[in-house]
Amino acid sequence: MSAPPCDTLPTAANNIQPFLVLHKAAASSVPSSRAKRQIQTSQPSSPNPKSANRCRQPVGKECEDEGDLELYEQLRIEAFHRTWSKIQSTIDEVLRAINLKLFDQVLQWAKESFASVRAIAEPHRTEVQQPYPLLTDVICRRIPTAFVLTKNAEFVDDITTFHDLAGHMKFNGCHVVKLSAAELSAKHGVGGCFRSLLRQLLSDVPDVADVSALASWYCEAGNFDQPIIVIIDDLEQCSGDVLGELVMMLSEWVFKIPVFFVMGIATTLDAPKKLLSSEALQRLEPCKLTLGSPSDRLNALVEAILVKPCAGFCISHEVALFLRNYFFRHDGTITSFITALRLACSKHFSMEPLSFLCIGMLEEDSEEFWHDKFESLPQAIQKCAFDLPSSKNANNSNNSCNMVEGLSRLLKLQKDWSSVLLCLYEAGRHDKVQLLDIFCEAVNPDLQTENAPDSYLFASKVTCENLLGVKSGSAKGFIAQVMNTVRYLPTEILLHVLEVWSIHLDGMSEINERVKELQSTTIGADSVRAKRRSTANTGNGTVVLNEKAAALLQDVVRKYLVPVGCLPFHEIICFKNVDILQSALIGNPRRMIQLDLLKSQSHLKCSCCSRSGAAVSGSLHDTSIMCNLAQEYGDVINLHDWYTAFEGIIKSTNSKAKRKSYSSPSKKSKPTPPEAEGMIQARFCRAVTEMQITGLVRMPSKRRPDLVQRITFGP
């Protein structure tokens, strides 16, 4: 075999991906020249099925066919995309519904402001382009400005809000311009800011950007009868001088060109006073609007994506607590919560072998879907289902009907659990109890029902005090707080709560009848109290009704608030590994790089590395070899010893390949000479440099040039 041309040799200039390579596959024959040392970025195309024919699932059971593994891995990926697509669409709908009230308020304000401006003076189109102002009165030169208080410590949540606001205003006929804080900076000045404004309205921006160009555009037939809305999403980050100049310039033309401002404020409504000069503030006519608080938006999201089974994916008690703490640690940003939830969802589908069955909860006929899927599973994967801890504790028999029945039961109990939880929240919201707090307590497996229905609940029974959140001397829980709230609700509010309960419990006929009976009792008691006009009787009647409502709620909670962690096969739909989620969110890049280098063959599952067993294979990438050798040293590594060990591995690999080529008489290619000492040294230096760049080692100092210091330790 002839050597490839010299221009194919790798160089530092054209090798732009040195750190994405963990492995170079062992070829069937030895390369005939140094040109074959070029790093291969692809995995082996045909690994040995005997060595790679192992189950990748955490249970560690062997599978019958590697093709099945790849198939079900692809099914899990598709299930994740479908599940998260459903969750993401639900999130978008919820946030859009929350913001729609604010958007309508902004639109109504814009229409009223435009009508008031036109009521004072309605210039002709020819007058608009005149270079002098129409009015000189200071009061008539005030720009209508809507200050939107977002209450967000971080701007990341406001990006989508103001983007949707711009789309809403455009849809209703307004001309919309979005200016960012970067465009309103001292670097660009008022000229650059105004040019950006013109660029979003005019198709052809003139070289000299002034107000006359905007006036000419506004006089066109399709532009004259609508206001121009300038949206500034983050007022606090803008330059006060640049924004002040823009306000002063546009205020002179406000009755010719109705330009209105919408400014987002994250902190307090006093922010404009701190940012703008008094003269600029006098040119603004403020209107104060408020966006929903982050806690309100979080409650709506938790109800839509975690409480209601919208996508067939749920989280455990530990993960829920972590997400709640993560939300508050990141200044209550919805984006951080959604990011953490998406990562939890992806980890669940990547780790749980049977997670692709989650999408059965989205099907109209879930039982038929699960039955067909389970019947087509290989025996080894079916055994994985009945090896789940929840299935073992429930003493389920190993057959498909039992699993389908268990998943169907899980789906039904989840719907009942969701209905009861929403009833708790409806009562608790009158005492400012957050839904996420009730949710975290309701998914706790220690608070399961006192009368377990049958073998589907396998944990020990708990007392009523544990159910209400009082256990081992701990403080009173949120469920107990809701019970107390129900006992002291006024009659009018209690009647409204019962009406909402009847909606949430619509699918539970027995409980719904009891709610309607209590409603009729409440209405009858109200009529009696209206006739008697007795304060004492009113108080006693209210106490009795409240106690009945509290007893009903307590009974419903005891029977139907079954945490998902207490049900068989809950591992299929429930993500529980909070340590992996925390590690992925917080991040430890050095440790992950080191783990990938140390266990690269376990990820690649190639045949050339698996035959070496515990020994370091020479077919690994040089950096992976060096990282494995570094584990044999302490805080410092002797460069000479390190190089000697590296050289021994490389030469032993070359000698084996040489003997193999001599023992193959059918091959006509000449054996390749051993690799030169200079090339081995170059490979060694490159590997050490890569470890330094990735933060695994610190290079030698002038005082001790023969020692390298290790930075990362442990497996």
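This is a predicted model: local features need pLDDT of at least 70, side-chain atom pairs count only at pLDDT 80 or more; totals for chains, interfaces and linings use all residues.
## Packed helices and paired rings

Residues are numbered from 1 along each chain as its sequence is written, and side-chain values use heavy atoms, leaving out hydrogens and water.

Let's start with those helices. H17 spans residues 435-442 and H19 residues 478-487; they pack at about 120°, with axes 9 Å apart. Axes here are lines fitted to C-alpha atoms over the stretch in contact, and angles run from 0 to 180 degrees between N-to-C directions. On the H17 side, Asp-437, Ile-438 and Glu-441 meet Phe-478, Ile-479 and Val-482 of H19 (contact means heavy atoms within 4.5 Å). This meeting place has four nonpolar and two charged residues, and no polar ones.

Now for the rings. The whole structure holds eleven aromatic pairs, meaning rings of Phe, Tyr or Trp (its six-membered ring) with centres within 6.5 Å; planes under 30 degrees apart are stacked, over 60 edge-to-face, and the rest tilted. Trp-642 and Phe-684 are edge-to-face, because their planes stand at 85°, with the centres 5.9 Å apart. Trp-642 belongs to helix H28 (residues 639-662) and Phe-684 to helix H29 (residues 677-693), so this pair links distant parts of the chain, 42 residues apart. Phe-684 also pairs with Phe-646, in a tilted arrangement with 5.9 Å between centres and 50° between planes. Phe-646 lies in H28 too, so its pair with Phe-684 in H29 ties together parts that are 38 residues apart in sequence. Ring pairs join Trp-642, Tyr-643, Phe-646 and Phe-684 into a cluster.

| Residue | Relative accessibility | Class |
|---|---|---|
| Trp-642 | 0% | buried |
| Phe-684 | 8% | buried |
| Phe-646 | 0% | buried |

Elsewhere, the charged end of Arg-118 sits over the ring of Phe-224, 5.4 Å from the ring centre (the charge atom, NZ of Lys or CZ of Arg, must be within 6 Å of the centre and within 35 degrees of the ring normal).

Finally, the wider view. The protein chain has 29 helices and ten strands (DSSP runs numbered from the N terminus: H or I of at least four residues, E of at least two). Of its 715 residues, 48% count as buried.

Methods: Ala, Val, Leu, Ile, Met, Phe, Trp, Tyr, Cys and Pro count as nonpolar, Asp, Glu, Lys and Arg as charged, and the others, Gly among them, as polar. Buried means under 20% relative accessible area, exposed over 50%, partly exposed in between (1.4 Å probe, protein chains only).
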